Amino acid sequence: MKINIKDVLHYENLKTIKYTHLATTIVYARAIAEMLGYSKEDIHVIEVGASLHDIGKSFIPPSILNKKGRLTKEEREIINLHSVIGYEVLKSAGYSVNVAEIARDHHNPMSKNNMAQIVRAADIYSAMREERSYKKPKTHEEAMEVLKSAKVPQDILNALDKKYGKKQQARITQGFATRPAIA
Ligand SMILES: [Fe+2]
Ligand SMILES: [Fe+2]
């Protein structure tokens, strides 16, 4: 059977990924990688992986991906395939192993790929901190609890806390307070 790419590629699916969510996922992933001392080159790989991690969603039938209401077990399994589809697509498009593995493992708490763990943490943190039509944004502390229960590795938790936690916020506010007023 000949497969027509137009029948399996649903580019419009990517529109359902909120632009702000994608952008902040990249920002948070970069911040974590910087805190953990990754090289410039590796940070670039992480950013590319973060921006493409959900690319596999463009191969999921929109009727399932955009379904309102409860998903069946089969539908849930089909949606979950977006990770491995993303991996295959990125690999065959010539992206590096790490970029492809970020897509493959971005929902996998057991992943041995630390870059994928960073993007996974950034993805969850972004979703928690963001306002959605059905929910208020969580505080940094509430988001950290969610990350902990999602088994995000401790060094990544520490990095996020250092960057966005209370102490850091206090320092930023203090910085503003002591800045001389513009004459
Ligand atoms: Fe995903
Ligand atoms: Fe996401």
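Mentor: Begin with burial: a residue is buried under 20% relative accessible area, exposed over 50% and partly exposed in between, using a 1.4 Å probe and protein chains only. In this predicted model, buried residues make up 37% of the 183 residues in the protein.

Trainee: What conventions apply to the model and its numbering?

Mentor: Residues are numbered from 1 along each chain as its sequence is written, while chains are lettered from A and ligands numbered from 1 in the order in which they are written. Because the model is predicted, local features need pLDDT of at least 70 and side-chain atom pairs count only at pLDDT 80 or more, whereas totals for chains, interfaces and linings use all residues; side-chain values use heavy atoms, with hydrogens and water left out.

Trainee: How many helices and strands does the protein have?

Mentor: Helices are DSSP runs of H or I with at least four residues, strands are runs of E with at least two, and both are numbered from the N terminus. The protein has 11 helices and zero strands. As for contacts, these are heavy atoms within 4.5 Å. Among contacts in the protein with a separation of 6 or more, 61% are between residues 24 or more positions apart.

Trainee: Which residues coordinate the iron ion (ligand 2)?

Mentor: Donors are N, O and S atoms within 2.8 Å of the metal (3.2 Å for Na, K and Ca), and water is not among the atoms, so sites may look incomplete. Here H21 (NE2) and D123 (OD) coordinate the iron ion (ligand 2) at 2.1 to 2.3 Å. H21 lies in helix α2 (residues 19-35) and D123 in helix α8 (residues 114-129), so the pair ties together parts that are 102 residues apart in sequence. The iron ion (ligand 1) is 5.3 Å from the iron ion (ligand 2).

Trainee: Is H21 buried or exposed, and what does H21 touch?

Mentor: H21 is buried, with a relative accessible area of 9%. D123 also counts as buried, at 9% relative accessibility. Leaving aside residues up to four places away in sequence, H21 touches D123, S126, A127, E130 and R132.

Trainee: How is the packing of α3 and α7 read?

Mentor: Two packed helices are described by the angle between their axes and the distance between the axes. Axes are lines fitted to C-alpha atoms, for helices over the stretch in contact, and angles run from 0 to 180 degrees between N-to-C directions. Helix α3 (residues 40-52) and helix α7 (residues 97-105) pack at an angle of about 40 degrees, with axes 9 Å apart. That makes α3 oblique to α7; angles under 35 degrees count as roughly parallel, over 145 as roughly antiparallel, 65 to 115 as roughly perpendicular and the rest as oblique. V45, I46, V48, G49 and A50 of α3 make the contact with N98, V99 and I102 of α7. These residues divide into six nonpolar, two polar and no charged, where Ala, Val, Leu, Ile, Met, Phe, Trp, Tyr, Cys and Pro count as nonpolar, Asp, Glu, Lys and Arg as charged, and the others, Gly among them, as polar.

Trainee: At what angle do α7 and α8 cross?

Mentor: The axes of α7 and α8 cross at roughly 50 degrees and come within 8 Å, which makes α7 oblique to α8. In α7, N98, E101, I102 and D105 meet M115, A116, V119 and R120 in α8. The residues of this contact divide into four nonpolar, one polar and three charged.

Trainee: Where does K151 lie?

Mentor: K151 is in the loop between α9 (140-149) and α10 (154-164). Phi of K151 is near 60 degrees, a positive value in a residue other than glycine. K151 counts as exposed, at 60% relative accessibility.
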